[in-house]
Amino acid sequence: MQADWGIVGLGNPLAGDDGVGCWLAERLRKTFPSRWIHDLGADLLKIQALQPYPKQLILLDALRSGAKPGSLHYLSEEKLLQSPTTAAAHGFGLKGTLGLLRQTDDAFCKIKREWWLIEVEQIHQPFVLSPTVQAGAEQLFKQLTKQLQ
């Protein structure tokens, strides 16, 4: 049976704030233990092993755009694809991976997707979110919890 909604957390928890998407996914999985919620780390392509996809998918990740650390960004996928990304942390880079999924996975293309990204402060301190990014993540956690109940 296809779930109504699902969550995917992305990022590298070993690189401080870059792991905020994973941190959020784990918190949400504890709040909604029977729901379609997955931490995919730095590999969005792993999503293909989790089919069938939910009808609506919320993807959570970190972003470095120069905005205030901890700021929440709700981006369209088209805008996200226009943003520069690096290949170092996410294999092909998020842009390349997302482009590949959109070209090769019909089921992925058919679901509604929304992207929430949190502006990072630092990506060098392992295992710990910076206070401003954690505050932004807590705000998004509360917002998503209300939205998904």
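**The paired strands**

Select strand 1 and strand 3: these two run parallel and are joined by five bridges. Within this pairing, Trp5 stands opposite Gln56 in strand 3. Please note that the model is a predicted one.

Strand 3 is mostly covered, since seven of its eight residues are buried.

Next, select Lys112, which is located in strand 5. Is Lys112 buried or exposed? Lys112 counts as exposed because its relative accessibility is 52%, and the cut-off for that class is over 50%. Apart from its neighbours within four places in sequence, Lys112 is in contact with Lys55, Gln56 and Leu57. The C-alpha atoms of Lys112 and Lys55 are separated by 6.4 Å, although the two residues are 57 residues apart along the chain.

**Helix 1**

Select residues 20–31, which form helix 1. This helix has twelve residues and reaches 17 Å from its first C-alpha to its last, close to the 16 Å expected. Its buried residues are Val20, Gly21, Cys22, Leu24, Ala25 and Leu28. The elements that cover them include strand 1, strand 2, strand 3, strand 5 and helix 5.

Now display the side chains of Glu26 and Arg29, which meet in a salt bridge (2.3 Å, N to O). Because they are three residues apart in helix 1, Glu26 and Arg29 are separated by about one helical turn.

**Other salt bridges**

How many salt bridges does the structure hold? The structure holds six. Select Asp4 and Lys55, which form one with their closest N and O atoms 3.5 Å apart. This pair links distant parts of the chain: Asp4 belongs to the segment before strand 1, and Lys55 to the loop between strand 2 and strand 3.

Then select Glu77 and Arg102, whose side chains meet in a salt bridge (3.0 Å, N to O). Glu77 lies in helix 2 and Arg102 in helix 3, so the pair ties together parts that are 25 residues apart in sequence. Glu77 is buried, with a relative accessible area of 9%, whereas Arg102 counts as partly exposed at 28%.

**A surface patch**

Finally, select Leu14, Phe127 and Val128, which form a nonpolar patch on the surface with about 330 Å² of accessible area together. Leu14 is found in the loop between strand 1 and helix 1.

Notes. Residues are numbered from 1 along each chain as its sequence is written. This is a predicted model: local features need pLDDT of at least 70, side-chain atom pairs count only at pLDDT 80 or more; totals for chains, interfaces and linings use all residues. Side-chain values use heavy atoms; hydrogens and water are left out. Patches are made of residues with over 30% relative accessible area and no salt bridge: like charges are joined within 9 Å, nonpolar side chains (Val, Leu, Ile, Met, Phe, Trp, Tyr) within 5 Å. Accessible areas come from the Shrake-Rupley method with a 1.4 Å probe; for residues, only the protein chains shown count as cover. A salt bridge is a side-chain nitrogen of Lys or Arg within 4 Å of a carboxyl oxygen of Asp or Glu. Helices (H or I, at least four residues) and strands (E, at least two) are DSSP runs, numbered from the N terminus. The expected span of a helix is 1.5 Å times one less than its number of residues. Buried means under 20% relative accessible area, exposed over 50%, partly exposed in between (1.4 Å probe, protein chains only). Contact means heavy atoms within 4.5 Å. Two strands pair if DSSP finds at least two bridges between them.
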